[in-house]
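Dear colleague,

I am passing on the structure we spoke about, with a summary of what I found in it. Please read the notes below alongside the coordinates and tell me where you would read them otherwise.

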Amino acid sequence: MTKVKRYFKDNLGIIAALAVMILFLYIFPRTHSTFLTKTNIFNVLRQSSTNLMLACGMTMVIILGGIDLSVGSIIAMSGVLGAAAVVWHGMPEIVGILIAVLSGVIFGLLNGLVIAKTQIPPFIVTLASMNIAKGIAYVYSGGKPIRCMTDAWKFLGAGNVAGVPTPVITMTVVFIVAVLFLNRTRIGRHIYAVGGNDTAAKFSGIDTAKVKFVVFSFSGLMAGLAGITIASRLYSGTCTSGDGAEMDAIAAVVVGGTSMSGGSGKLGGTLIGVLIIGILNNGLNLMGVNSDWQYIIKGAVILLAVYTDFLRNRKKGA
Amino acid sequence: MSNFLLEMKNISKSFPGVKALQGVNFQLLPGEIHALLGENGAGKSTLIKVLGGIYIAEEGEIYIDGKQVAINSVNAARENGISIIHQELVQVPHMTVAENIFLGREYMGKFGVDTRRMIAESQKMLDRFDLGIDAASEIYDLSIAQQQMVEIVKAISFNCRILVMDEPTSSISDREVEQLFEIMRNLAKQGVGIIYISHKMSELNEVCDRVTVLRDGTYVGTRVVADTPREDLIAMMVGRELDQYYTRDHVKNTPVFFKAEHIDDGKKHHKRVNDVTFEVRQGEIVGFAGLVGAGRSETMQCIFGLTRGSKGTVTLDGKKLNIRNAVDAMKYGISLVPENRKVEGLYHVQSVAFNSTIEVLHEFIRNLMVNSKREHEITQEFIDKMNTKTPSHEQAVTNLSGGNQQKVMIGRWLATNPKILILDEPTRGVDVGAKAEIYEIMNELTKQGVSIIMISSELPEIINMADRVYVMCDGRITGCIDYEDVSQEAIMHLATLESADSARDNTAH
């Protein structure tokens, strides 16, 4: 009980923001009838699912004091590789899916390896791998979508289990695993320690290289999973999918109260951050706002959400 | 009678929940070096920030030359001739000395910034104090002490008349301290009033004329340094008589427990540890003295498995150890509390509990279960043992005072049940009350069979606490002195021996 209370207290600012948004969409005449229907709720969740996957990895990366810019491109690459395996090489769907996920993991491993073993900042390393992954997607697909329409392929992104969209189930499982990993393992604590003070972590006997390696690999895994989910939802592996996805994930993490300077943050906040961005997208669409304007509104909302949180924390800190 | 250069009257300032200053008075004469003394949290830095225009006091007046002034911004302070040299130096590392001195008011020539003129002017100012610093060199390449000198020169270039120095000697060597004091005396002679904040009592007699003591945000009193015994000042700061500052029951000739032989950092260039051999006896406190950069911390880091490629053998209780990393070292019962708790020790944004238990997570995190009860038991155990003052386990460690932060740090490594505890500068930036407590705890630990290796640059601490003192110079051990024979002179002699060959003859054992 106290844990639930504490969760609400810690995330009061963004929970309030979320509540205001929901309330607004509920009373706004144009969205009143559609917004809170089961179809639309599942819609929001389905659209948010891949962002939550990415954001789970990104939360850990940012707590670690890093950033992972490559996840958006990994989505494109893994989707293309998975679809190509099935369509061009006649492999069963499950193998295609595994290849897609594995390609994400491999990129994450490489990111982690370079970041752990060298002094090159994560921003630069993942900027490089972002381009490489994107390049692989284009080179391999020749720039065209690889269409794959089988039911087995569609299941992961567009299917349902007992009426619940598959990606919503995937995201729930992923989120629970991430929470357990970050809060209930020693390495989870070590992530906070390395992000809070890298040198101190070394003096504490923490294998900082291993921690970085694991976290970036996890982020890669999440990107691979998101990639195959999107490719499945779009019935194709496309080299333009996932464009800018890393920014949505970063936005969700930051709105969720994780500090960009590392060392602090919670997945619970990230969850709300993801929902805020998901509902914002959905609400603006329902309201019929022109997609060009959506960018501007989204930017303003992100800034506002982070700023209110900043004000609240400053008051608490002084 | 208002020949005061600066007079602060009845200053009060509060933050949510805390009265940081309550009716504090402070008077500074021209040409005086005036120490501001008090434990951490006594309100020294708040008072200085009020003077510097960073905080605005709710009550009170500030007079300069007898005229009331309003200092409501950093610029207002500067216009009134006030300069503050903060403890953490605020310089741009990749700019030259000249560019730093003239930052924000660069000379402009026909073709943009007139670099040549800035360097020439800066050089003139630097040479006035005979500093031997090149105005064209980058800040990055200077030592901490030299950076401090540059800050002083910068302050003077603003025609400052009131100079505040916040713990300027906390990270520079004795020789450099002497040079700094020389400059301070010089400035005072020219009529500048200097406010000097330091935790090192020994420095007061050397350089200060008067001292004002604060405690818990209130004004305790002002004294002439030369007429006031140190004990009185400590009593004023702590608010009670400290019956004993150093607590040590010396031990002698107990069995040898720990041996480090031929420790070497394995580096070809910039070698800091060169064939170091020493031993520690059961229940001993072994001091390591030497100048900054003598290789003491580096030696301990080699032993603790933090230096890749280091060589040498380490024996504990007759068994040869194979330490490849810090985890191995802790497994064998060796703990190292690092020197610079801000950089090497604390997880600042995290709680006291997080900081206390990061070494012993295996005791309460297992199989995806966190035993919070056990976590808090451990935290509480070491809060009690170290007598740490914290409002709660959840308090962010950065909000504690320096002394309490240090106690959290020592407690963290005590939680690993060490047999050998290496303390690197255990009382740096710690106020006197907490210092005395830390000494007492060290003494208590040795009685329980822990052996302590203490690196310290504070000679009084080494002299009073250590049973034996190893002195290092330039990466080598130049001698070892028993507590009966130890003196400041003996240590300084060994610490400044240039050649290691002559050192062998000087070894007391």
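A residue is called buried here if 20 or more other C-beta atoms lie within 10 Å of its own, exposed if 12 or fewer do, and partly exposed in between, with the C-beta atoms placed from the backbone. Helices (H or I, at least four residues) and strands (E, at least two) are DSSP runs, numbered from the N terminus. This is a predicted model, in which local features need pLDDT of at least 70 and side-chain atom pairs count only at pLDDT 80 or more, while totals for chains, interfaces and linings use all residues. Residues are numbered from 1 along each chain as its sequence is written, and chains are lettered from A and ligands numbered from 1 in the order in which they are written.

To begin with chain B as a whole, it holds 18 helices and 24 strands. Its radius of gyration, taken over C-alpha atoms, is 25 Å, close to the 23 Å that the globule rule (2.2 Å times the number of residues to the power 0.38) gives for 509 residues, so chain B is as compact as a globular protein of that length. Along the principal axes, the C-alpha atoms of chain B fill a box of roughly 70 × 50 × 50 Å, and 45% of the 509 residues in chain B are buried.

An automatic or database domain assignment divides chain B into domain 1 (6–238), domain 2 (244–333 + 419–509) and domain 3 (341–417). The centres of domain 2 and domain 3 of chain B, taken over C-alpha atoms, are 26 Å apart. Counting two residues as in contact if their C-beta atoms, placed from the backbone, lie within 7 Å, the contact between these two domains takes 11 residues from domain 2 of chain B and 11 residues from domain 3 of chain B. On the domain 2 side, helix H15 (residues 432–447) of chain B gives the largest share, four residues.

The next feature is a sheet in chain B. Six strands form an open sheet in the order E18-E21-E22-E15-E23-E24, with mixed pairing, where two strands pair if DSSP finds at least two bridges between them. Strand E18 (334–337) and strand E24 (476–482) of chain B stand at the edges with a single partner strand each, so one side of each is left without a neighbour in the sheet. Strand E23 (residues 468–473) of chain B pairs with E24(B) in the antiparallel sense over six bridges, and B:Arg468 has B:Asp482 in E24(B) as its bridge partner.

Which helix lies across E15, E18, E21, E22 and E23 of chain B? That is H9(B), which runs at about 140° to E22(B), where axes are lines fitted to C-alpha atoms, for helices over the stretch in contact, and angles run from 0 to 180 degrees between N-to-C directions. Helix H9 (residues 296–303) of chain B is mostly covered, with eight of its eight residues buried, among them B:Arg296, B:Glu298 and B:Met300. After H9(B) comes B:Gly305, whose phi is positive, near 80°.

In chain A, helix H13 (residues 245–255) is likewise mostly covered, with 10 of its 11 residues buried, including A:Glu246 and A:Asp248. H13(A) is followed by A:Gly257, with a positive phi near 95°.

Finally, the contact between the chains takes 19 residues from chain A and 25 residues from chain B. On the chain A side, H10(A) gives the most, with five residues.

Best wishes
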